[in-house]
Amino acid sequence: MTEDFLLELRCEEIPARMQEKARADLAALFEARLKALNLPFTGVESFATPRRLALIVRGVAETTAAMTEERKGPRADAPAPAIEGFLRSTGLSREQLVTRDDGKGGQVLFAVIERPGIVAGSVLASAITNVIHAFPWAKSMRWGAASQSTESLRWVRPLQGIIALLGDKLVPVEVAGIRSGVQTVGHRFHHPGVITIGSANDYAEKLRACHVIVDGAERRAIIAVGAKLAAQKAGLGLIEDDGLLFENAGLTEWPVPLLGRFDSDFLSVPAEVIQLTARVNQKYFVCRDGAGKLANAFVCVANIDAVDGGEKIVQGNQKVLAARLSDARFFYETDLKTKLDDLRPKLEKIVFHEKLGTVADKVDRVAKLARWLVEEGIVGSSPERGGGPSQSDGGGGVPQATPPADSPLHRPSDGPPPRAGEDREKLAALAERAARLAKADLVTGMVGEFPELQGLMGGYYAAAQGEPAEVAEAIRDHYKPVGQGDAVPTAPVTVAVSLADKLDTIGAFFAIDERPTGSKDPFALRRAAIGVIQLITANTLRFSLEGSFAFAFINLLERHIANLEGFERSGVAKHPQWKSPFGDGENADDAFFRLLQDFFADRLKVQQREAGVRHDLIDAVFALGGEDDLVRLLARVHALQAFVTTEDGKNLLAGYKRAANILKKEGFDGTDTDVGGNIYEAEPAEAALKEALDAAEPRAEAAIEAEDFEAAMAALATLRAPIDAFFDDVTVNDSDPDKRISRLGQLARMRDAVHKVADFSKIEG
Amino acid sequence: MSEPLSFQRMILKLHDYWSERGCVILQPYDMRMGAGTFHPATTLKALGPDPWNAAFVQPCRRPTDGRYGENPNRLQHYYQYQVILKPSPPDLQELYLGSLAAIGIDFTKHDIRFVEDDWESPTLGAWGLGWEVWCDGMEVTQFTYFQQMGGFDCKPVAGELTYGLERLAMYIQNKDSVYDLAFNDAGVSYGDVFLENEKQMSKWNFEIADTDALFDLFRKAVAECENCLKADLPIPAYEQAIEASHVFNLLNARGVISVAERQAYIGRVRDLAKGSCEAWMAKNGWAA
């Protein structure tokens, strides 16, 4: 007969953010332990509340499986000491040994030891001890008298009690002075006394009767529904937040959502600030009114059914939030009194990196780079720009316009796109202006208090001091995109500043030899590179990364040459372009730029893989090398992806592989040799392939020149029938060496034509 | 709850409560410091194997928190109630909740929560795990199990409770401004006692304090601390570390310490505190 096993590890309040992982770890560790100990069971469930981790193992067998162990001993006629030694090691007597033929005419002794199953209780006890000592808490501590020794048990917070019940029987175990029992505690205030648990089957219900909901998912559901209802009753909508749901469920055993209010005067503070204050400092949900605007209400989650219905609790929470909001309003109003321009001197005192100068230095570099990106026509050259940020589709897609959000800053910077030089200069001036103000909010009171509001506050302050809408918008959004799925800016001024900021960061850290390695990326350069890629693809920006980095370096060198010890080593100092950004870089020692290019290629591969592009196709295009224009590179990848799934594509690939194999086998490294002609008369299929190649090659080349990769693939697809016929009708390995060389040359020509589009040898299938 | 406790009566209740539970009731340390944790009865006594249970009020000075008496919640001088129990007793949470009940908090109407908050003091080279205790969303106590002090493992671990007395009193008395708190039961308010003090001290902290003199004080405190350590006198050495820490806070409020220098100053103070703790361990013959 099987039974269910219950384990509860009760301790002082477990941090909310650790509970889910701890619950999963407990189940996984225990399951692995029981498997290692050969104790059969049917399933495992686990639970976490602030004050306990619990585990139920269903269908535990009475014992581990019985086993028979056989050990081979010495020969039956071995000397006495050898046999005695064997008897000692097995604990058996001579009569208990079994004698068997060894197949070579001799007799060998065997010990056959029956190992009966071990009772479940003792297996479970050993598993408990093991799991508690091996528990992978991210942070753990010592406590109490036992902590006289630093070897005392570590737990996330002091461990208070252990329940271990198999069926309705106690599993006796003692860990760090705590003996297992059958008692636990209910809710700290609703039921201060101890309660006795009968078995795994009444655990959850007994606790529920004592105001403890053991299942975190149930607590989350109660909060989600209760908070929504509380908002609805007030005629409001709840702004849902999964993070808050988990956090509040991790802070309560008996969650009770309650609606509170704050003075509507505080709504003069930006909505984002109020929401952040409520969420980060107080773990409150916020609400919106019928028009979708932030309402002067919040939902807090108490851990008690108060006797007055929560009146006092709401009062207290309202008071705390009011104090927080008046602090925020104080910062906001104080910040508004200072022009962003006047804050810039303070940036001279903030070190960006010891080798890269201050934040003011960085601002200067970014401003110049942003201007340059516009002046060069890299940003702001195409006519369909304007509007707010668009949602990224993971790269390569067409930017989608999203409706402006509810914010005074969301006036789209519309109007006709700049075409003439005058307009370009205007755009360049706006980009430089925005870049010069973009970091000023770092020294405002509000961002000092809430660093996550960087950019956003600068945007508000810029708008308030009368900066053009494009400038305010660029300041607000220039950190974007931060990671996949974040909105990618499309407004030209914003794109210029955002791109310049990221290119400068990447270039500057590469220049001082601070490149990401393995899992270490302390300056978040990978994220910056993904941001650059998203900006480029979402806005179809056409430019050479090398050229823009060259410009970024001159910027850097002008001011920091003395500090850049890494420069010599990194090779950039040898790059002739740093003397003249617009000069000819053909003779450059470009090892350093290769590093940057490889870095971007890696990020692009990761990003494309995540977007679902086959990795072999990415490799096939990247293997061509030398591509510095990401838009062109991705167009090639996408065309290839579409092509290889067509019949033509599959057949061409098959033909290509066959050709490549023959060339490889024959070790042929020549190129096109004149076919037939004067030497011999070409067979029809041979002539047809030559004709097809003659026609397809220029078409493919012209299409590649025009960056029409679909057309290039279509041109290659015309080779499919001739190549098939060629393989059917023509003997490549002809005994006539002229024919052989010529025909191999044909195949090489076909291979090379295909390689102009992508390295098909990397493609699988 | 009947008549809410005045500020001073609340302190007396806490004294009674912890006195009955075997604590030494100390008076405030007679030096300027930023937190009750700096009191030698916490810092030095947290080290070593000897049991130690103490409770005391410690005035705290945080020059940058001054608001010239204009903010109802922020003060550059306020009181902490500090309890240290070594080794940490198994029922420390229950003992603590008992003290809240003793000052009139009704658990059937209020929401008490233990919210993760790990504590670290870079200037003391100390850290611990614990919570901030919330009462209806307001942080009223910092609850910490010390793991290290002055860079040394705590053997055994001490439990530290730090009550924000003004906040608790505002809560109990249901006041929106700290200055409206009833200080005693005879009509004297917290504002009567401290408002003028806040105005003048804020002005001095932010505007008047002679920074040359302060830099000089810092250097002298550092030198004197080293002098004491040479003479194998950890207690006076530690006093100089407290002094240096506070002078640094004053310099910080005057805005004369750059971001880059800040870390260097904090490191300097930490070295003094660690050196004092090390000497204290050695003098007592305790192994690290």
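Because the model is predicted, local features need pLDDT of at least 70, side-chain atom pairs count only at pLDDT 80 or more, and totals for chains, interfaces and linings use all residues. Residues are numbered from 1 along each chain as its sequence is written, while chains are lettered from A and ligands numbered from 1 in the order in which they are written.

Let's start with a bit of background. Most residues other than glycine have a negative phi, and most peptide bonds are trans.

| Cis peptide bond | Omega |
|---|---|
| A:Lys480 to A:Pro481 | about -5 degrees |
| B:Lys155 to B:Pro156 | near 5 degrees |

Where do these prolines sit? A:Pro481 lies in the chain A loop between α14 (469-477) and β20 (487-488), and B:Pro156 lies in the chain B loop between β8 (152-153) and β9 (159-164). Helices (H or I, at least four residues) and strands (E, at least two) are DSSP runs, numbered from the N terminus.

Now for phi. A:Thr540 is not a glycine, yet its phi is positive, near 45 degrees. This threonine, A:Thr540, belongs to the loop between α16 (525-539) and α17 (545-560) of chain A. B:Asp136 also has a positive phi, about 50 degrees, and is found in the loop between β6 (126-135) and β7 (138-149) of chain B.

Are these two residues buried or exposed? A residue is buried if 20 or more other C-beta atoms lie within 10 Å of its own, exposed if 12 or fewer, and partly exposed in between, with C-beta atoms placed from the backbone. B:Asp136 has 25 other C-beta atoms within 10 Å, so B:Asp136 is buried. A:Thr540 has 16 C-beta neighbours inside 10 Å, so A:Thr540 counts as partly exposed.
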